[in-house]
Amino acid sequence: MTARRFHVEGIVQGVGFRPFVYRTAADLGLSGWVANVDGQVEGEVAGSASAIEEFAARLRVGAPALARVRCVSLARVAGGPAAGAGFEVRQSAPGAAGAPVREVPPDAAICDACLRELRDPADRRHRYPFVNCTDCGPRATIIEDLPYDRVRTTMRRFPLCPACAAEYAAPGDRRFHAEPIACPACGPRLAWDDLRGEEALRAAVRTIAAGGIVALKGLGGYQLVCDATDTRAVAELRRRKRRPSKPLAVMVADVPTAARLAHISTAELRVLTGPERPVVLLARRAWRGPPPLAPAVHPGLRRVGLFLPTTGLHHLLLDELTRPLVVTSGNLGGAPLAIDDAEARRDLTGVADGFLTHDRPIRSRYDDSVVAFSGRTRITVRRARGLAPAPLPLPVCQPVAGVGAQLKHTFTLAAGGRAHLGPHTGDLADLATHEAFLASYERLKHLTGIEPQVLAHDLHPGYLSTQWAEAQHLPRIAVQHHHAHVAACAAEHQVRGPFVGVAYDGLGLGDDGTLWGGEILLADLTGYRRAGRFARAPLPGGEAAVRHPSRTALGHLLGTERLGGPRPDRRLLRSFTDRLDPAEVATVGAMITRGVNCPPASSAGRLFDAAASLLGISDQVSYEGEAAVLLEAAAGQERAEPLAWRVVRAGGLWVYDSAPTLTDLLRRRLDGEPVGSLAAAFHLALALVTAELVGRVVADGAPPTVCLCGGCFVNRRLLLEVRRLLRARGLKVVVGGQVPVGDGGISYGQAAVAAARLTGRE
């Protein structure tokens, strides 16, 4: 007879782990107990030594699907459980001082077993929107504190009925200790004005079927829902939401429906159907006849964002309506996602024609996650519901926080060898978004038990995240924007030692005071050296140029730094400027000549904007990256000879002279080459430029590992071409998979740099 105390670390609360431990111990004939202790699982077992070893092995490899077991340890215990005393699940307990960092389980989409019950007329949960079990349902969005028990979630206001209580207490039931357990007799209820339950659902269905817009209370916040096949409804949603052209996500009932709308690879299917249920950006199918979705869902694009239902409520809506639905964030442009009922009615009245809500509070704000694939390579565009705040590995000697950038904002808390990347907040452009960041930051600090001792922030003094960090009474580490980008990719892939970082994005403040965005860095996690860049071009009007790619194009044509390459002559210039407002051209030209409000930028993202404008694809945008997205769509699967390009040595760096590329673009356009062919030629030219820049840096002695990051690499075609060319040179290429490749990953990179620098000081 042997007794051992066991301790399990990882995501082991809210995932059915205690019931799994109970069943495993019973199967092996072990006595003892298990409990949630702080953020982990602990217990004692007694039995034969071989049975205990088998018990520990099963905990490591046979855990429930939603669990992430990182460590199982056994220790001798004096006394211990009595032989034959049975096994029990004990009440949870707070941990001792210095307990490990706690891990918060993400929400999980409805499982197949619960879905069968939802649709079974003989089941007592038939058509109950809040059906869940230990394998699915809300987690991060309802947790108020850890250890994870019902009394520390927003479900505490719903006492269990006798039937649910019996399931909760039955070891063989899949709802054994399922904390969000509920049924029509004791759980949350739908509401639509004065209507409740099925009547509320029917009111929402009638509204959507009639072409209306419904504000629906989802897992992590309110969503705006309308018929994705109804052209007028989609147009009205765009008008009311003040979202003129940014693509809208579409929820479909099942995989066959998704497959009729888009091409789905094996890798994409695995993510589409997984418990995270993110929006997946898929290549849409060519349609004959009337389009199956309203064209305004994804205007001018070749990819469509599709996702499967996340809750029973979503399934019920789709079952009733039998058509795809636009399901987008419940907010106005730039504002945070609404989670409070009063807040939703205040902000969304006038946008929605009705509110399908319920009485279960949402404790934490989580928008829908977004992922994409380039070949078999996964890219995270937005890390939120279903993915956050699951931890990522990050060696750290003391607790740190990365507070992020300005756009696509996230924050990261890191301690105990793990980093918790908080949910997508949005753009820190106004007070409400900033307050949402602060509330989310404080909540995740509380739940994880991480109290940062150092803050890492961007160099840009105008970012609200930087200003907030500077106002705190904590040591700070400033991290250059693009170093944070490449460090995020390197840290995720545990790249050790120096590497070449390729950071292509819109804008970030460089260490020389200019705006960067097309950067080749020789880096490690502690520091970097700029080894290559794109040519600098003025941005006439600063932020105004970001909103007006035609201004950016004029900046490139009239003011790109002179590096010796051919520049467009008057005939080529007129082929572009003749279609613009002459007064605008004269004003912008004068600004460039006099250097008035024309900050120079070495930005890949802005070069995409310029090319899109020169081809007549986009002269004005309503969201960051729109021109580049449309340029990628125009390229499609076209094959073309690359545009001219030139790399030179200047100021000790390898520099891409973009003037020959844009000159060739104008010349070939004037000669009548199709826009799609030229868009493809531009993509290939930039891929060749990237391979050449990296190749020259490696030839100068840089290591053969390359980290690709920055928002430009959401561009599937660019990523495919760059990766192919670099691998052909024998280089190892990695790109962010779990960490957002764009600015949503900046905070993780900041934390990684801070952790490395702090470790180096010790």
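How many cavities of 30 Å³ or more does the count come to?

Reply: This is a predicted model, where local features need pLDDT of at least 70, side-chain atom pairs count only at pLDDT 80 or more, and totals for chains, interfaces and linings use all residues. Residues are numbered from 1 along each chain as its sequence is written, and side-chain values use heavy atoms, with hydrogens and water left out.

The count comes to 6 cavities of 30 Å³ or more. A cavity is a set of points, on a 1 Å grid over the protein atoms alone, where a 1.4 Å probe fits but cannot get out; lining residues have an atom within 4 Å of a point. Points are joined across faces, edges and corners, and a volume is the space filled by probe spheres set on them.

Start with the largest cavity. Its volume is about 170 Å³. The lining has 21 residues. Nearest the centre lie Pro129, Leu219, Thr311, Gly312 and Arg360. Strand S8 (214-217) and helix H9 (312-321) each supply at least two lining residues. H9 gives the most, with 3 residues. Helices (H or I, at least four residues) and strands (E, at least two) are DSSP runs, numbered from the N terminus. By class, this lining has 11 nonpolar, 8 polar and 2 charged residues. Here Ala, Val, Leu, Ile, Met, Phe, Trp, Tyr, Cys and Pro count as nonpolar, Asp, Glu, Lys and Arg as charged, and the others, Gly among them, as polar.

Now the second largest cavity. It holds about 90 Å³ of space. Its lining has 17 residues, with Gly14, Val15, Gly16, Tyr148 and His177 nearest the centre. Helix H1 (residues 17-27) provides the largest share, 3 residues. The lining divides into 8 nonpolar, 6 polar and 3 charged residues.

Terms used. On a 1 Å grid over the protein atoms alone, a cavity is a set of points where a 1.4 Å probe fits but cannot get out, and a pocket is an open set with protein on both sides within 12 Å along at least five of seven lines; lining residues have an atom within 4 Å of a point.
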